[in-house]
Amino acid sequence: RRKYGVSQIVGRMWNHAEKMWAKMQELNIPQPELSPEEMADLFAFLYEVGFMELPGNKELGKKILSEKKCLSCHSLPGKSEGFAPDLSQIPSLQSTYVFATAMWNHSAKMGELFKKQNIPFPTFREGELVHLLEYLKSLRPPKLIKTASR
């Protein structure tokens, strides 16, 4: 894992600023002026992204999807074999925390369905879930992210 302090992140932001400004100008996005609170929020986000979650590999995720037999119940875009929701369209994919909450809250119901269908309850080894999430996110159409104004 990378270990950056605030000053290292500020330096990276500074070094990247010209490219960001050029891209923002190309997309006709005004350069935001941040308050100290907004900057603190940004650093909290950057810290989480950089230190809490390692990037996934979508090819490994596709393999894990098959190994865990997720498609015994769920479907994917263009494939409506499962009776459960299309995994790439579930709203909780937007946040690892929301996804973790949805998995936890849904696990008892899933466990009952597994028992009825005589399917072993799938377990994830360390690192597998991030790959699975990366694959599922890759199936979604790209969108511009709009942030709420303060």
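Me: How many residues apart are Lys23 and Glu26 in helix H1, and what does that separation amount to in helical turns?

Reply: Lys23 and Glu26 are three residues apart in helix H1 (residues 6-26), which means that about one helical turn separates them. Helices are DSSP runs of H or I with at least four residues, numbered from the N terminus. This is a predicted model, in which local features need pLDDT of at least 70, side-chain atom pairs count only at pLDDT 80 or more, and totals for chains, interfaces and linings use all residues. Residues are numbered from 1 along each chain as its sequence is written, and side-chain values use heavy atoms, leaving out hydrogens and water.

Me: What joins Lys23 to Glu26?

Reply: Side chains of opposite charge can pair when their charged atoms come close. Lys23 and Glu26 form a salt bridge, with their closest N and O atoms 3.2 Å apart; the term requires a side-chain nitrogen of Lys or Arg within 4 Å of a carboxyl oxygen of Asp or Glu.

Me: How many salt bridges does the structure hold?

Reply: The structure holds four salt bridges. One of them links Glu67 and Lys63 at 4.0 Å, N to O. Both residues belong to helix H3 (residues 58-67), where they lie four residues apart, about one turn of the helix.

Me: Is Glu128 buried or exposed?

Reply: Glu128 is buried, at 6% relative accessibility; buried means under 20% relative accessible area, exposed over 50%, and partly exposed in between (1.4 Å probe, protein chains only). Its salt-bridge partner Arg125, with closest N and O atoms 2.8 Å away, is exposed at 57%. Through shared partners, salt bridges join Lys68, Arg125 and Glu128 into one network.

How values were computed
Helix = DSSP H or I, 4+ residues; strand = E, 2+ residues; numbered from the N terminus.
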